[in-house]
Amino acid sequence: MVLRWKPSAANRSAATSRMRCRLTEPLRQRPRLPAPDPPCTRPPYRPRNFPSPTEVRSTMDGNHRVLVVGGGLSGLATATFLAHYGAPCLLIERRTTTPRTSRNERLSARAMELLDGLGLREAVSETGFHPDALGDMLRTDTLAGEELGRTSQPWVPVPPEISPFQPVCCNHTWLRDLLRQRAVECGVEIWLGAELTRLWQDTEGIVATVRRAGELIEARAAYVVGADGPHSTVRGRAGIETEGPGTIAHQYGVRFRADLSGAIRGRHFAGAHLDRVGGILLAETEPDMWSLIRPVAPGHGPDLAELIRTAAGLPELEVTVEDTFTLPITLLNADRYTQDNVALIGDAACSMPPTPGMHASTVLPDAQNLAWKLALILAGAAGPALLGTYDTERRPLGQIALTDAIARVGMISPAEDLPDRITQEFGAVYRSTAVMPAEEAPGDFAHPLVSAGLPGTRAPHLETRAGSILDLFGRTFVCLTDSDSQRWASAAEEAAARLGVPLTAPRLDTDLPQAARSWAKAYGVTTGGAALIRPDGVVAWRAPAMGSSPEREIEHVLRRILSRGDQS
């Protein structure tokens with residue numbers, strides 16, 4: 001029996017109502033991106049200082065099929081996965097430098113699996129640290145004063161039969177820089193200091209006007225990904241509205257260098273709530289570098305140094321103030337993640353509090369899900385409707401992550417009917433046209449140890465001599481077979497070749513003999529069965545046994561899950 005979770009109607013309604021407060025100035029709805037200005041008897045309206053078309057230089061030929069707007073972690077993750085799947089893209093970021101932050105990311109084991117597919121897991125593991133190393137959150141009057149309490153920062157170890165990896169913590173800025181480096185290595189073109197000023201759609205695709213180095217450039221693309229933050233320009237131009245209160249508060253921080261060993265007294269902690277100044281002290285990655293974050297603007301000059309001395313409880317402390325920063329707290333979830341040729345990701349799609357450090361663990365699966373679909377659409381192997389399954393599959397999980405993050409910072413009570421952490425991380429069940437319907441109607445989650453290759457779930461991990469069966473997944477479709485199901489393998493390879501779909505069909509008893517002994521049970525098939533795994537490592541379909549017409553069935557499956565209008 002598969003253990004499943006599905007919220008009651010009352011609890012689903014209560015969870016949704018907590019986030020249904022509309023923005024005070026709702027975005028205008030448009031069913032499509034606006035078309036270019038039509039011919040008319042009077043000149044079209046142009047904002048002051050907006051140039052005429054003759055003043056805009058055209059660029060971005062067919063080599064750039066996707067325009068990613070926003071160079072934060074979500075935009076860089078999307079661009080890196082797009083390049084990983086062979087889809088060329090241009091990334092633009094309005095800032096010339098992106099701000100550094102003391103914020104740590106808690107990368108889930110599933111996120112580590114995705115980073116492993118990009119060749120980045122080892123670097124993250126070597127530089128990052130175990131969640132235990134974070135320590136507790138202290139509460140004191142001043143750092144040097146008496147400790148008033150501790151709050152543990154719990155994490156859940158992942159059983160080795162579920163994943164070969166464990167969660168890792170690392171600095172948000174460092175991870176963002178690592179993704180930028182890999183994106184460039186993979187051929188992504190990045191424009192810094194490039195701001196999107198206009199976006200519209202014509203018969204040939206999307207046209208964007210980008211301001212860069214004082215020049216306006218017209219960039220064409222087949223698709224645009226909005227990764228431009230909670231106040232997304234792309235989202236507004238696409239006419240996508242949001243649910244949630246929007247920006248509810250601002251936190252103000254000062255980054256400084258000081259030797260606090262006299263106040264720390266050998267204690268280990270993730271951070272400290274300091275009652276005297278009403279703020280939180282967090283350690284940066286560099287030695288003796290700290291951030292003090294408060295809900296009140298910190299002031300300037302000598303006032304800052306005195307504030308830090310008060311917080312530390314060390315009146316004679318030598319302090320070097322490096323800079324100040326602002327952290328807006330924005331809570332929203334987009335009504336939809338896709339519209340026509342536009343997709344949203346990161347804070348543009350779902351903006352949550354930064355404190356729990358769960359941003360990357362949500363963004364990485366989003367980016368992979370979006371990227372492989374866009375890559376196959378652009379290659380002509382999938383129909384445009386496949387893009388809509390990104391919204392169907394990922395938006396409900398974004399709502400759950402947002403509600404969970406809000407509960408973690410104490411703004412609402414935790415939901416009582418959510419499954420355990422392991423099931424939340426590994427057991428989501430996708431129900432979309434990109435997955436063949438399961439033999440029985442699934443709930444929203446299924447525990448990974450008992451889901452047994454249920455279509456719509458992450459493909460189960462099996463240990464191999466080289467590592468994991470998961471190493472087979474993450475780039476192409478994979479048809480899993482053994483010596484008793486070679487007809488499925490041949491049928492899959494022939495159908496994929498006819499449809500132009502990247503697919504491999506390893507014979508497990510030959511290629512991965514260690515996994516061959518247990519794969520059938522783990523994937524819910526018997527003698528002569530097969531399983532089809534998507535490029536994001538999700539089970540798309542399975543045949544419990546040999547069918548009467550594998551050739552016809554496997555081609556029908558591929559056509560359906562890829563939204564091919566020419567289904568046979």
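Leucine 114 touches Phe81, Leu364, Pro365 and Gln368, leaving aside residues up to four places away in sequence. In this predicted model, leucine 114 belongs to helix H3, which covers residues 109-117. Its relative accessibility is 5%, and because buried means under 20%, leucine 114 counts as buried. The C-alpha atom of leucine 114 is separated by 9.7 Å from that of serine 361, although the two residues are 247 apart along the chain.

Helix H9 runs over residues 359-378. How far apart are the end C-alpha atoms of helix H9? They are 28 Å apart, and this agrees with the span of 28 Å that its 20 residues should have at 1.5 Å a residue. H9 is mostly covered, with 20 of its 20 residues buried. Just after H9, glycine 380 takes a positive phi of about 80°.

Helix H2, residues 73-84, is a neighbour whose axis comes within 8 Å of the axis of H9, and the two cross at roughly 35°. The crossing in which H2 passes H9 is right-handed. On the H2 side, the contact is made by Leu73, Ser74, Ala77, Thr78, Phe81 and Leu82. On the H9 side, the contributing residues are His359, Ala360, Val363, Leu364, Ala367, Gln368, Leu370, Ala371 and Leu374. Sorted by class, this contact has 11 nonpolar residues, four polar residues and no charged residues. Phe81 of H2, and Leu364 and Gln368 of H9, take part in the contact between the two helices; these residues also touch leucine 114.

**An open sheet of eight strands**

Eight strands form an open sheet with mixed pairing, in the order S7-S6-S15-S16-S17-S14-S18-S21. Which strands stand at the edges? They are S7, residues 147-151, and S21, residues 350-351. Each has a single partner strand, so one side of each is left without a neighbour in the sheet. Strand S18, residues 320-334, is joined to S21 by two bridges, and the two strands run antiparallel. Leucine 332 has serine 351 of S21 as its bridge partner.

**Residues with positive phi**

Most residues other than glycine have a negative phi. Alanine 213 has a positive phi although it is not a glycine, and serine 563 likewise has a positive phi without being a glycine. The table sets out the place, phi and accessibility of these two residues.

| Residue | Place | Phi | Relative accessible area |

**The protein as a whole**

The protein has 16 helices and 26 strands. Of its 568 residues, 55% are buried. Among contacts between residues at least 6 apart in sequence, 73% join residues at least 24 apart.

Methods
Residues are numbered from 1 along each chain as its sequence is written. This is a predicted model: local features need pLDDT of at least 70, side-chain atom pairs count only at pLDDT 80 or more; totals for chains, interfaces and linings use all residues. Side-chain values use heavy atoms; hydrogens and water are left out. Helices (H or I, at least four residues) and strands (E, at least two) are DSSP runs, numbered from the N terminus. The expected span of a helix is 1.5 Å times one less than its number of residues. Buried means under 20% relative accessible area, exposed over 50%, partly exposed in between (1.4 Å probe, protein chains only). Axes are lines fitted to C-alpha atoms, for helices over the stretch in contact, and angles run from 0 to 180 degrees between N-to-C directions. A crossing is left-handed if the near helix is turned anticlockwise from the far one by less than a right angle, and right-handed if clockwise. Contact means heavy atoms within 4.5 Å. Ala, Val, Leu, Ile, Met, Phe, Trp, Tyr, Cys and Pro count as nonpolar, Asp, Glu, Lys and Arg as charged, and the others, Gly among them, as polar. Two strands pair if DSSP finds at least two bridges between them.
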